[in-house]
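Here's a quick briefing to read with the model open on your screen. Keep the sequence handy too, and click along as the residues come up.

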Amino acid sequence: MLVYETLFPKECAEKRPGCPNIFIVRKDEDVYSQTLRKLFNESHGIFVGLQRTEEELAGKSRKAQLVRVSKNYRSVIRACMEEMHQLAISTRDPELQCQHSTQVSILSAMELIWNLCEILFVEVAPAGHLLLHLLDWVRLHVCDVDSMVREVLSSENPSKHKDFWNAVDIFVLQGRMDDARHLLSKEASANPTSMGMCKILDDLMKKMPILSIGNTQTLTEMELKWQHWHEECQRYLQDGTFASNLHMESICKILLGDENAILEKKELMTTWYHFLVTRLVYSHPTVKPVELRFYAQSSLDLFLGGESSPEPLDNILMAAFEFEIHQVIKECSIALSNWWFVAHLTDLLDHCKLLQSHNLYFGSNMREFLLLEYASGLFSHHSLWQLGVDYFDHCPEYGKVYLELHIERIPLNTEQKALKVLRICEQRQMHEQVRSICKIMAMKAVRNNRLGSALSWSIRAKDAAFATLISDRFLKDYCERGSFSDLDLIDNLGPSMLLSDRLTFLGKYREFHRLYGEKRFSEAAKLLLMLMTARIAPCSFWMTLLTDALPLLEQKEVIFSAEQTYELMRCLEDLTAGKTDNQKLQVDDVETTKVEILRLALARNLARAIVKEGTLEGS
């Protein structure tokens, strides 16, 4: 969201809710639209599929694949547009209805532009076939024709319906000759006086040469046939064959490509690009791609007639007809409300090898720049950010840097989300981010007193200092409660316990308890002694370890040898000798009693051990 300070007059400021000095310039809400989220999700799969198959394709199969990808993108746009249209119809909230209708218009414009770019840049239709594609383009984007025809045909007397001739005209203007002839037959059967004219006009429509896809005839043959047909239409018009019926005479003039006659039907065509395609159908059916720009500009000028200036959509379509690809992308970036369209279209055109020469001043190419902008927008959404990761992956120059910066800003609300982010970072060897995420989650777990989770995250972060801190917390809890929490985690530390000395001690100390619980007293005694003599155990914990030795010292069977008992005695003396006089005064009766009991137990065990060892030597 971009905001800036404004200076509203006081009287204006008083009427405005909230702070009067902040004005919202732009808020990208498209990522939060449920319907548009489907557009982002569906197109993500198409995008990733295109990146994967690109290297495997060559020649004709490559071009066919790119056309198929383009059509898939368009089908996703159209599906979202239809869903948005249904929402606009069904909602009763006027504001929501307005929002949905606006979005339908934007999606419709997006498909219109994309379809034209597909014809001109992806499919690269040659002369002859080019016009067939443009006719399909116009027909697809004129929605109200068929509904008008249904209304005409469902009336009692179709030829007398007020929209009858309009319907015929629209079919002719769109080059739908079979549909126009079908309607014209209604006039012939209902009005015997015009039957002859209808028959001639029907014959002219039937004879009109059309270069269909898959037809083997050459452009020269096509132009020759079209010229003969054109001359026949001219003769009928000059002979006054249709003079008694202005509607049929007008249709004959359209067939001859008369610009004035076509412009008279301006309201039926509604757009200059419809006028352009109709002009080409009846005046230059074998138009070449390079000639389009001249016809497009003159059609725009004629259609607008100086009454109005071109709109952003007109400028975009004109740039496409002029084969100014970069201008199309620039105009779309300015006119459309999000980066989805330009990012995916540019990626597709880049795969068509049409943008390789265009680098931006900071080193990245246009494709990468737009993909980075689009993916950055996705990262502002709580779930769509996952799609953004794949877009960054396919930006070879700056993608990883952008991903590192954006992934650090993702709020780690749950452990599940944190693990998801962590996997993404680990797969891409983003070690700093892995450590950062683990530290954040470990801190959260500590604050919530979930020591097991905190220890797990600190081990994953390989953070020795934090692992030491949490190990101390485990030991403190053990001293207070007499038992360990999160036993499964501690029991299965494995090599991870080597991360820090304190963690090693925690793991080994837990192992001592396990051996003691399994009544493997000799092994437990060796481990306990090793923890003290090897200085692995913190000094503050020695008293606890010596207290743990008491049950072993009191066993019927001698567990500690004389040498081991001497070691324990030395540890006890070191512990008590290390205290200052002041500390000794503060030692409570319980501590004093413990020391006395330990000394007594150690002395008795030493005596038993000496006797046992002496007896063994003597025997």
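The second largest pocket in this predicted model has a volume of about 290 Å³. It is lined by 19 residues, and the ones closest to its centre are S108, L112, H141, V142 and Y273.

**Pocket lining**

- Which of them gives the largest share? That's α4, with five residues in the lining.

- Take F341 as an example: leaving aside neighbours within four places in sequence, F341 is in contact with M110, I113, W114, C332 and L336.

**Salt bridges**

- Side chains of opposite charge can pair when their charged atoms come close.
- In this model the count comes to 22 salt bridges.
- One of them joins the side chains of D350 and R367, at 4.0 Å from N to O. The pair links distant parts of the chain, with D350 in helix α18 (residues 340-351) and R367 in helix α19 (residues 366-378), 17 residues apart.
- Are D350 and R367 buried or exposed? Both are buried.
- R599 and E573 also meet through their side chains, at 3.3 Å from N to O. Here too distant parts of the chain are linked: R599 sits in helix α32 (residues 589-618) and E573 in helix α30 (residues 562-577), 26 residues apart.
- R599 counts as partly exposed, at 32% relative accessibility, and E573 is partly exposed as well, at 37%.
- E523 and R520 form another salt bridge, at 2.8 Å from N to O. E523 is partly exposed at 40% relative accessibility, and R520 is partly exposed with a relative accessible area of 35%.
- There's also a network of salt bridges, which links K71, R74, R78, E111 and E118.

**An enclosed helix**

- Why is helix α24 (residues 451-460) described as largely enclosed by the rest of the structure? Because eight of its 10 residues are buried, and a residue counts as buried when its relative accessible area is under 20%.
- The buried residues of α24 are L451, G452, S453, A454, L455, W457, S458 and I459.
- After α24 comes K462, and its phi is positive, near 55°.

**The whole chain**

- Zooming out, the chain holds 32 helices and two strands.
- How much of the chain counts as buried? The figure is 47% of its 619 residues.
- Among contacts between residues at least 6 apart in sequence, 64% join residues at least 24 apart.
- The chain exposes about 32200 Å², and carbon and sulfur atoms supply 53% of that area.

Definitions and conventions:
Residues numbered from 1 in each chain as written. Predicted model: local features only at pLDDT ≥ 70, side-chain atom pairs only at ≥ 80, totals over all residues. Heavy atoms only, no water. Helix = DSSP H or I, 4+ residues; strand = E, 2+ residues; numbered from the N terminus. Buried < 20%, exposed > 50% of the residue type's maximum accessible area, 1.4 Å probe, protein only. Contact = heavy atoms within 4.5 Å. Areas by Shrake-Rupley, 256 points an atom, 1.4 Å probe, with all protein chains shown as cover. 1 Å grid on protein atoms, 1.4 Å probe; cavity = no way out; pocket = protein on both sides within 12 Å on 5 of 7 lines; lining within 4 Å. Points joined across faces, edges and corners; volume = space filled by probe spheres on them.
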